[in-house]
Amino acid sequence: MRLKASSLEALYALLLLLPFLFTLGVFFLYAFLRAMVFSFTDYNLFDPPRWVGLANYLRLVQDPLFLTALKHSLAYSLIVTTLQTLLALLLALALNRPLRGVTFFRTLYYLPSVVSTAAASLLLLWLFQRTGVVNQGLSFLLGSLPFLALGFVLFALVQGLGVAWWRRRGRALPLLDPGLAWVSLALALLGVYVLVQVGWVRPWEVRVDIPWLTTRTTFLGLPYPLWAIILMNTYTTIPTFMVILLAGLKGIPKTLYEAAALDGASPWVVLTRITLPLLRPVLFLVVTLGLIGTLQLFDQVLFVGGAGGAPLESTITLAYYVYGNVFPPGASPRVGLASAAALVLAGLTLAVVLLQRRFGVGERGWS
Amino acid sequence: MEKARRLWVRLAWAYGLLLAFGVFFVGPFAMGFLASLKANPLEWPFSFRFAQVSPKNWVAAWRLGLEGGGNPWLGGMVPGREVVLEVAYFSPEGQEPTLLAQISRRKPGAGMGAVFETPYAADHVRLEGPVRVEARPAQLGDREGMVYRYRLRLFYPGEGPVLERVPLDLEVPRGVVLVGASLDPTRLERRGRVASWDNVVPGLLGYVFHNYLRAFRETRSLETGESLFLRWTLNSFFLAALKVLTTLIFASMAGYALARMRFPGKHALFLFMLFSMMVPAQVTFISNYLVLKDGIFGLSRLFGVETLLNTYTGLVLSGLVGAGAVFLMKQFFESIPREVEEAALIDGATPLGILFRIVLPMSTPALGALAILTFQGTWNEFFWPLVVLTSPREIYTLPLGLLSFRNAYGQVGDWGLILAGGFLSMIPVLVLFALFQRYFVEGPSLGAVKE
């Protein structure tokens, strides 16, 4: 009787799970196993696959394009994950206080993460054109260096005089007293404005003309177009991770901070001794999600590399290498090679997860 | 006193920082949007003051659209109407300059838009003028001279087609400068000697959002002539709605089984599901492509369909329910107290009855979040549709459409159109975000940081 009830339950479970099992079985398990088999064969989608053993993997190691793609993927992944984790952490720390209207700002910051990679890529392309806003912004920044330098000097002057004046009146202000700094900043800006109006300082004539996209030139070993993608993607992914970190920060017990305040701990000590250690699990999660996400970079390669865009070798990633070998323009598909590269990509991803399991905390979800 | 000072200072720093971050995160989008209104988004230096943001031009565009076609929003010109445009030129010489005005024969744009035959306004609309209405001495900079004001009358006699655009070119001798016009020209060419209007009867939307209208009007199917961009948008809506539906149903079913029922291999299935969420789509797409190509092991042939490539059936079947969605529902169901279901179980309800009658009605928050996240995911999805949907272009979704946009117009540098397409594609997600931002913001952390 009992056995019947439990097998009935299993039957119901099977019924409920059927659509999911279909998707998981046909479009994941079968596909994954098939990719493994393909990686040991020579296959062009039309003729039957021919077993070649490890030849595809050997060909990969000798293919300069694959090595470029691997290098790009790894570098992109490491750089973007580092940047976005650090910046998201800074942002989360800044937002994690009881300020009025902080939810509004949080929503505002989330905006770049909502749009599609396609739309974001179009914006990226426009920003990084030769006469685009990035080059114009850099030109403007370099051109106004005299103003910036002047402003800095004026600020230091006013701040120094202010501090000295207060100290003579018996108030021991620190050199960078924030209250005085606002006043000094305002005065410095006013000073610069007046001097510009009088005509004492002029902007420099600078025209930054970096061809960000249509170039093979490299900077720190990576091509310019890839740097453009790095900048843009860091920008669009920060908010997502900021939100996860914020949720983590909310989970740290308030009592710890109260105790630290009683002991008179400095903000730096609170950050390094309380916040970061307790945030470690969430930080690991963020790093893992970041690495997994960045390893799959694909859409931007296609958008940036389109007609009149970046040359393929400057932007190619592992994911694009796989796609490009299955649907090569004007050649027959190299499915075996593509599958082998895909498994390298999967291996990298799994290695990241295993590392997280090893050093991070165990049973937590991915979503 | 000292305490209050410190508080204010800290608040000032905190809000200053928040504002700076705000500028950083919204700035590029705001600049891009402004640029998408311009005739030349790559103008150097970038200016925040241009014709499309001037209220004077809004009023003029409204009036001209109303006079020309009876449509103050989208403009156009119909037979029997006439419009009047005034321009003012500064001339440093002592004599009146000669103005050459003509309704030009120009194609509306490059790329796909250039292929279609549209009626030329030059064949139907007559131009009268320029007639001088005023001349007065004036000074421009440190130059003495005269300002001449002219009136141009455009009228459309007899019968004929409705014209979407009436372009106009005005050429003046060297040294003569345009100082005013009832509607600012779209662009100045040949060192300011030629002022050219893409449309003198634009209507308010047609003037301010001319690139957006072009995205709809110029991107048309070569066979049927219908607007491709509109079609892609509808496709995306249709597909997203379908995906939301299947995901809601099947994810709650599977999530419920995993959360509440006992069956052999449950833990293994759960682990396998997590594993499947980590493997990149590029690993599995080759086999999935082949599976769809022969109609899921030939099963689709039973319904008379040879292949599921280039069909929405294939796209939906291959993504009936994502592992992430199942995971989210499982986590939610586990948070519901068991007692609710046990009472129903004693009353003799079946598991299916419990799920659909009791648990799901209690789950609207989770279902809402899942619906919105699925919609966003499907709306933005790029890789898998790119593999499955290749031809004809009518079946593309919006992201694929944007790629073909980028390839068609990127080379000719028509960035107004590309940016407009990008921003149009963002609208539905942005509206959803404005309405349900809580779900978006909590989405990534749902289940991720659950103790």
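B:Pro392 is located in the loop between helix H13 (383–388) and helix H14 (398–409) of chain B, where helices (H or I, at least four residues) are DSSP runs numbered from the N terminus. The peptide bond that leads from B:Ser391 to B:Pro392 is cis, with omega near -10°. This is a predicted model, in which local features need pLDDT of at least 70 and side-chain atom pairs count only at pLDDT 80 or more, while totals for chains, interfaces and linings use all residues. Residues are numbered from 1 along each chain as its sequence is written, chains are lettered from A and ligands numbered from 1 in the order in which they are written, and side-chain values use heavy atoms, with hydrogens and water left out.

Chain B has another cis peptide bond, from B:Trp44 to B:Pro45, with omega near -5°. B:Pro45 belongs to the loop between helix H1 (2–37) and helix H2 (55–69) of chain B. B:Ile296 counts as buried at 6% relative accessibility, whereas B:Phe297 is partly exposed at 48%. Here buried means under 20% relative accessible area, exposed over 50%, and partly exposed in between (1.4 Å probe, protein chains only).

The next topic is the interface of the two chains. The size of an interface is often given as the accessible area lost when the parts come together. Between chain A and chain B the buried area (accessible area, 1.4 Å probe, that two parts lose on being put together, summed over both) is about 9,700 Å², and carbon and sulfur atoms give 77% of it. A:Leu16, A:Phe27 and A:Trp126 supply 8% of the area that chain A buries against chain B, more than any other three residues. The contact (heavy atoms within 4.5 Å) takes 112 residues from chain A and 109 residues from chain B. Two salt bridges are counted between the chains, a salt bridge being a side-chain nitrogen of Lys or Arg within 4 Å of a carboxyl oxygen of Asp or Glu. A:Asp177 forms a salt bridge with B:Arg5, with the closest N and O atoms 3.4 Å apart.

In soluble globular proteins, nonpolar side chains tend to be buried together. A nonpolar core is a set of buried Ala, Val, Leu, Ile, Met, Phe, Trp, Tyr and Cys residues joined through side-chain atoms within 4.5 Å. The largest such core has 197 residues, of which A:Phe20, A:Trp126, A:Leu245, A:Phe298, B:Phe285 and B:Phe333 touch the most other members. Its largest share, 16 residues, comes from helix H9 (residues 224–250) of chain A. A second, separate core of 31 residues includes B:Ala60, B:Tyr148, B:Leu168 and B:Val176.

Aromatic rings complete the picture. Rings of Phe, Tyr and Trp (its six-membered ring) pair if their centres lie within 6.5 Å; planes under 30 degrees apart count as stacked, over 60 as edge-to-face and the rest as tilted. The whole structure contains 59 aromatic pairs over all chains. The ring centres of A:Phe28 and B:Phe275 are 5.8 Å apart and their planes lie at 75°, so the pair is edge-to-face. This pair crosses between chains, from helix H1 (residues 2–38) of chain A to helix H6 (residues 266–278) of chain B. A:Phe28 is buried, with a relative accessible area of 6%, while B:Phe275 is partly exposed, at 22%. The rings of A:Phe298 and A:Tyr323, with centres 5.1 Å apart and planes at 75°, are likewise edge-to-face. A:Phe298 lies in the loop between helix H11 (267–295) and helix H12 (299–304) and A:Tyr323 in helix H14 (residues 318–326) of chain A, so the pair ties together parts that are 25 residues apart in sequence.

Notes: Helices (H or I, at least four residues) and strands (E, at least two) are DSSP runs, numbered from the N terminus.
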